[in-house]
Every structure is written in structure tokens, then in C-alpha cells.
Amino acid sequence: VTLEYVLVLRNGCAPGFGPPPAHLKVFLAYVFQSHEEDDRKVRRREKNRVAAQRSRKKQTQKADKLHEEYESLEQENTSLKREIGKLTDEMKHLSEVLKDHEKICPLLHCTMNFVTVPRPDALASCLPR
């Protein structure tokens with residue numbers, strides 16, 4: 001049964017045949033209605049399929065973005081750890097330099113270094129000539 005034939009029969013008569021019997025009208029109306037419902041189901045499934053694809057794509061993009069952010073933070077973390085290592089080494093070196101300097105610094109061994117307000121002549125007396 002073609003769709004055009006169903007439409008003709010729903011309108012009341014087929015060309016050259018007269019009106020169809022009542023049971024055939026009911027059957028053809030059911031077939032036509034089922035066809036409309038099938039079309040709706042197909043459209044709904046297609047719409048749902050497209051929405052699911054869009055959702056999966058969005059989820060994948062979000063995961064990719066998080067992975068890129070993770071990689072960036074890992075690189076930054078590695079860089080900061082290297083910087084901490086360099087600064088720690090520099091601090092150790094400067095501490096050694098300070099210890100070596102404290103051994104020979106005339107200001108640390110001067111009796112005048114406990115004066116709260118240093119005077120230029122007092123400091124001059126502590127410096128080597």
C-alpha cells in the first residue's frame with residue numbers, strides 16, 4: 001500500500017472503486033498513523049543521536065583541555081623545583097661566603113660594634129689601616 005493510496009482512501013474513495021469498506025478504512029488509518037509515528041520516532045532518534053554525539057564531543061574537549069592544563073602545570077612544577085634547587089645552592093654558597101667573611105671581618109671583632117649609634121670616627125678606628 002503506497003502512501004498516496006492511503007491518502008486517497010482516507011479521503012473516502014479510490015478512483016474507479018467507490019468508497020472502501022469500514023474495516024479497510026480503519027486498517028489504512030492505522031497504517032498511516034503508524035507511519036507518522038515511525039517518522040516521529042526516526043526523527044526523535046536522529047535528534048537524540050546528534051545530541052549524544054555533541055555531548056560526547058564536548059566531554060572529550062573538556063578532557064583534552066584538562067589534560068593540557070595538567071601538562072602545563074607539570075612543566076611549571078618541574079621548572080619551579082629546578083629554581084628551588086638553584087636558589088638552595090646559591091643560599092648554601094652565600095652562607096659559606098658569609099662564614100668565611102665573618103672570620104676576617106674587622107667590624108665583628110671591634111669592641112665598638114656594640115654602640116647603638118655608630119659614629120664615623122668609631123668605625124674608622126676599627127678598620128685596618
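Select Asp 39 to begin: at 33% relative accessibility, Asp 39 counts as partly exposed (buried is under 20% relative accessible area, exposed over 50%, partly exposed in between; 1.4 Å probe, protein chains only). This is a predicted model, where local features need pLDDT of at least 70 and side-chain atom pairs pLDDT 80 or more, while totals for chains, interfaces and linings use all residues. Residues are numbered from 1 along each chain as its sequence is written, and side-chain values use heavy atoms, without hydrogens or water.

Asp 39 sits in helix H2 (helices are DSSP runs of H or I, at least four residues, numbered from the N terminus; strands are runs of E, at least two).

With Asp 39 they form a negative surface patch. Patch members have over 30% relative accessible area and no salt bridge, with like charges joined within 9 Å.

Next, select Arg 40, Lys 41, Arg 43, Arg 44 and Arg 45. These residues make a positive surface patch. Pick out Arg 43: its helix is H2, spanning residues 22-104. Is Arg 43 buried or exposed? Arg 43 is exposed, at 53% relative accessible area.

Zoom out to the whole chain. It holds 4 helices and 0 strands, in the order α-α-α-α. Buried residues are 9% of the 129. The chain exposes about 11700 Å², with 59% supplied by carbon and sulfur atoms (Shrake-Rupley method, 1.4 Å probe).

Last, show contacts (heavy atoms within 4.5 Å). Of those between residues at least 6 apart in sequence, 16% join residues at least 24 apart.

Notes:
Patches are made of residues with over 30% relative accessible area and no salt bridge: like charges are joined within 9 Å, nonpolar side chains (Val, Leu, Ile, Met, Phe, Trp, Tyr) within 5 Å. A salt bridge is a side-chain nitrogen of Lys or Arg within 4 Å of a carboxyl oxygen of Asp or Glu. Lys and Arg count as positive and Asp and Glu as negative; His and the chain ends are not counted. The place of a charge is taken as NZ of Lys, CZ of Arg, CG of Asp or CD of Glu.
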